[in-house]
Every structure is written in C-alpha cells, then in structure tokens.
Amino acid sequence: MYFDDIAGQEAIKRRLTAMADEGRIAHALLFAGAEGTGALPLAIAFAQYINCTGSRSGGKACGQCPSCVKYDRLVHPDLHFVFPIITSGPESKCDDDLKAWRQQLAEQPYFGLKQWTERLGGSKAAVIPVTAAQAVMEKLSLKTYEARYKVMIIWLPEKMNESASNKLLKILEEPPAGTVFILVSEQTYGILPTILSRTQALRIPAIDDEAMAAELAARHHMEPDAARRTAHVAQGNMVKAIELATGGGTADEYLELFMRLMRTCYTRKVPDIIALSDDLARLSRDGLRNWLTYCLHMLRENFVAGLGESRISYMTDAEAAFSERFAAFVHIGNVEEMAREINLAIAQTEQNGNARIITTDLMLKLTVLLLAPRP
C-alpha cells in the first residue's frame with residue numbers, strides 16, 4: 001500500500017512522512033477517523049514507508065526493495081494485524097481469518113465493519129477476543145525477522161473485550177524494542193482511557209469532495225458530474241461513496257428498512273410493527289446500531305428538506321424521492337424528540353439489550369411522534 005493509492009488526506013500524508021524521515025516515530029500511534037476516511041490504508045502505507053529499505057523519495061516508498069515487495073502482498077513477516085472476528089469458540093483467533101483479511105485489503109481497502117462481517121459470513125457481532133491479545137504478546141516476544149520495525153496494526157481496538165484491552169495495556173506499558181503499534185479506531189470513546197493515554201493520536205478527517213470525486217472518476221469510471229454528486233452525498237466517507245458508485249448496497253437496504261419503519265408507524269398496524277421488529281432482530285448488534293444511526297441521518301435530512309435547504313442536504317436520488325412527501329412529517333415539533341428516542345435505542349443496542357423489545361418500543365413511540373401536529 002502506497003500513499004499515492006489513498007484518496008486525499010495530503011496533510012496527514014505529509015505529517016506521516018515527515019515523522020518517518022525525521023526519526024520521530026512513537027511506539028504507539030492512534031489513527032482516529034470515521035468509517036471511510038482511509039485510516040486503515042494510511043496505517044498500512046505508513047508501515048510500508050518506515051520499513052522501505054530502498055530509496056524513499058518525495059514521500060514515496062521505493063516499491064522495489066524486498067520489504068516493499070512483501071508489503072505489496074501483505075506477507076511481510078514483521079507486519080501483523082489484529083481485527084474483529086466472529087468467534088466460534090474459546091480458541092478463535094485472528095490468524096484463522098488472515099487469508100480473508102488479505103483478500104479484503106487486496107480487493108477493496110476501503111471497507112467498514114459491516115462489509116468485513118459479511119465477508120466472514122456471520123450474523124453475530126464481530127469482536128477482538130482475548131486470544132488475539134495473547135497472540136500479540138507471543139508475536140512481539142520474538143525478534144524482528146528482517147525489518148527495521150515490527151509493526152502491529154490493530155483495526156477497531158474499540159471491539160476488544162475487557163480482558164483483551166487489559167492485556168494490550170500491559171504491552172503498551174512495556175513495549176518491545178523496535179515495535180510500532182498502530183491503532184486504527186472509528187470510535188475512540190470505546191477504548192480504555194489508559195490505552196489512549198499511551199498513544200500519539202492523529203485525527204484523520206473526512207475526505208474532501210474534490211479528492212473523492214477524482215478517486216471515483218479514476219477508479220470507478222464515473223462521469224465527473226456524477227462523481228461530484230456522489231462525493232457530496234457521501235460526506236467524506238469513501239465506503240459509502242463506493243457503495244453508491246457500485247449500485248447502492250447497504251444504502252439501499254437501510255433506506256428500504258427506514259421507509260418500512262416510517263410507513264409502519266404511520267399506519268399504526270400492530271401486526272406490521274411486530275413483523276418489522278422480528279426482521280430487525282435478525283440483524284447483528286452492529287448491523288442494528290448502524291441502521292439506527294442511518295435513521296438519525298435520514299431524520300436530519302428530512303428536517304433540512306422541510307426547511308427548503310437543499311444546499312446542505314446529503315441524500316441520494318432514492319432518498320430524496322421518498323422524502324418529497326415524508327419530509328412534511330418531520331418538523332420542529334417532533335424532530336428533537338424523535339432523535340432522542342433513536343439515540344436511546346442506539347444506546348440500548350450497544351448495551352446488548354433485547355432487539356425486539358428495543359425496536360418495538362421505538363416504533364410505538366415514533367407512532368405517536370410522527371403524527372404530532374406542527375407548532
């Protein structure tokens with residue numbers, strides 16, 4: 001992975017290359033960025049750059065030395081990954097899914113937890129188990145094979161359970177010489193504060209529209225106008241932009257569920273509420289949380305649409321078509337309370353509450369709020 005392969009983020013790239021060129025590499029880095037910002041590709045590109053043994057120039061790894069050749073295939077013996085997995089037993093570990101991980105990165109390095117969980121073929125929530133942290137300790141206890149730095153990239157450390165987090169903390173307190181940890185997080189509030197305090201944080205911003213549009217035009221063969229519209233709707237999230245460019249994917253699924261939710265609440269038919277609650281309960285915990293977050297997005301967009309502020313609206317054509325009529329039902333008299341109830345449902349989902357109870361309760365409340373009169 002090379003910095004040139006990553007859309008936008010020029011300021012971050014310059015900071016990272018300067019850090020490496022000046023020899024100011026912290027033993028633990030935190031790349032904190034929302035989904036689709038390119039934090040994971042940046043981490044891999046940085047790891048390749050600091051271990052390049054050829055002639056680095058202009059902020060680029062040489063691409064020809066033995067280290068770069070192995071990094072290109074993600075098989076360098078001093079490059080290690082930890083990532084969420086769907087556990088099948090107490091001995092489950094990340095290395096069991098390493099082949100799938102490499103395939104995912106080779107096919108599309110911009111992906112989120114939903115895409116990764118789907119590749120693993122499971123409906124359960126993906127986590128980083130304590131066995132992953134134990135494997136980290138074992139790997140880092142060995143000397144480096146051939147690289148200047150042994151690099152451990154941990155994707156979504158917020159998915160670590162308490163036991164795994166405590167083991168990682170112990171390693172960060174006494175890091176082996178020549179080791180660089182790169183934690184790539186989308187939700188830093190889910191990481192132990194004691195772990196955060198031992199990392200040097202880099203905030204990865206959303207990808208700017210111009211860079212994203214250029215990426216979509218070059219790699220997905222979109223017309224310039226279509227690429228610009230897609231970049232605007234994606235709001236700096238390359239994962240969402242790619243889904244839109246390639247036919248919808250998650251965005252279409254979430255919209256269909258959102259429309260069904262609002263129509264069910266509007267008609268007030270209890271059998272339909274129960275049926276939808278059953279369907280939502282089949283989603284994984286992460287899937288339900290992500291869909292509820294999408295509902296918040298649609299609530300905001302419909303409120304903005306009702307105000308006539310299309311300039312700051314970020315909806316796809318399909319979303320906008322549904323909102324032509326639905327926006328009238330989201331107004332100053334109910335939008336705040338509706339958002340509060342959805343946020344409550346998200347919190348309850350993250351606390352591993354019963355999905356049927358959570359979604360049924362939410363729909364009953366939205367049924368009342370949706371038909372609230374305008375003030």
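Tutor: A residue is called buried when its relative accessible area is under 20%, exposed when it is over 50%, and partly exposed in between (1.4 Å probe, protein chains only). What you see is a predicted model, in which local features need pLDDT of at least 70 and side-chain atom pairs count only at pLDDT 80 or more, while totals for chains, interfaces and linings use all residues. Residues are numbered from 1 along each chain as its sequence is written, and side-chain values use heavy atoms, with hydrogens and water left out.

The structure contains 17 salt bridges, each being a side-chain nitrogen of Lys or Arg within 4 Å of a carboxyl oxygen of Asp or Glu. Let us begin with the one between D4 and K60, whose side chains meet with N and O 3.2 Å apart. D4 belongs to the segment before α1 (10-21), whereas K60 sits in the loop between α2 (39-51) and α3 (66-72), so this pair ties together parts that are 56 residues apart in sequence. Here a helix is a DSSP run of H or I with at least four residues and a strand a run of E with at least two, both numbered from the N terminus. D4 counts as exposed because its relative accessible area is 51%, while K60, at 44%, is partly exposed.

A second salt bridge joins E10 to K13, with 3.3 Å between the closest N and O atoms. Both of these residues lie in helix α1, where they are 3 residues apart, about one turn of the helix.

R198 is found in the loop between α8 (193-196) and β5 (200-203), and E173 in helix α7 (residues 162-173), so the pair links parts that are 25 residues apart in sequence. R198 is partly exposed, with a relative accessible area of 30%, and E173 is partly exposed as well, with a value of 42%.

Finally, salt bridges can also be joined up with one another in this model, as K114, E118 and E253 are linked in a network of them.
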